[in-house]
Amino acid sequence: MVDIPDTLRLVSTATIESDDGGYTFEIPASEIRHDGIQPGETYRIAVLETGHTTVRSDTQSADRSSETSPTTQEQGPPEPPVEEGEIREVTIETIGDQGDGIAKVDRGYVVIVPEGQPGDEPTVEIEQVQQNVAFATIVEPDPRTL
């Protein structure tokens, strides 16, 4: 199993394309809209082989295909890191366009929290889960704001 650090901002699937002597892959526009990443910033990229949990970094050999066996089953997008009914402590990072608090949890996954204010650390209940966002209600406000 791969350990996922709290600093992880994006998990996405992409095809690497050849581009004038180099290689590129595209980041989904939704990641920019949801503040997962920002254009012009520098990020470290990890590469996971499809169907494997082996992480490669820039210090590992690029030719390790003999260490892992390919799988015939394609993986879809990662499952959301929260479940409906889950109780969780979050930190509100910003306010969204509709005035709701926005928290990010594992892998930069967005949780919308009505009545949340930046800096608040409430306990919330996850009420609705979608592929790229969840909606929660505050079950215990941040004790510092009482």
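This note sets out a few points on a predicted model.

1. The largest nonpolar core comprises 12 residues. These are V82, V90, I92, A103, V105, Y109, V111, V113, V124, I126, A134 and A136. At least two residues of this core come from each of β8, β9 and β10 (133-140).

2. One member of that core, V105, is in contact with P81, V82, R88, V90 and V111, leaving aside residues up to four places away in sequence.

3. D120 lies in the loop that runs between β8 (110-113) and β9 (123-129). Leaving aside residues up to four places away in sequence, D120 touches V90, T91, I92, D142, R144 and T145.

4. Most residues other than glycine have a negative phi. D20, which is not a glycine, has a positive phi of about 45°, and E115, also a residue other than glycine, has a positive phi near 70°.

5. D20 is placed in the loop between β1 (17-19) and β2 (22-24), and E115 in the loop between β8 and β9. D20 counts as exposed because its relative accessibility is 80%. E115 is likewise exposed, at a relative accessible area of 69%.

Terms used:
Residues numbered from 1 in each chain as written. Predicted model: local features only at pLDDT ≥ 70, side-chain atom pairs only at ≥ 80, totals over all residues. Heavy atoms only, no water. Helix = DSSP H or I, 4+ residues; strand = E, 2+ residues; numbered from the N terminus. Contact = heavy atoms within 4.5 Å. Buried < 20%, exposed > 50% of the residue type's maximum accessible area, 1.4 Å probe, protein only. Core = buried A, V, L, I, M, F, W, Y, C linked by side-chain atoms within 4.5 Å.
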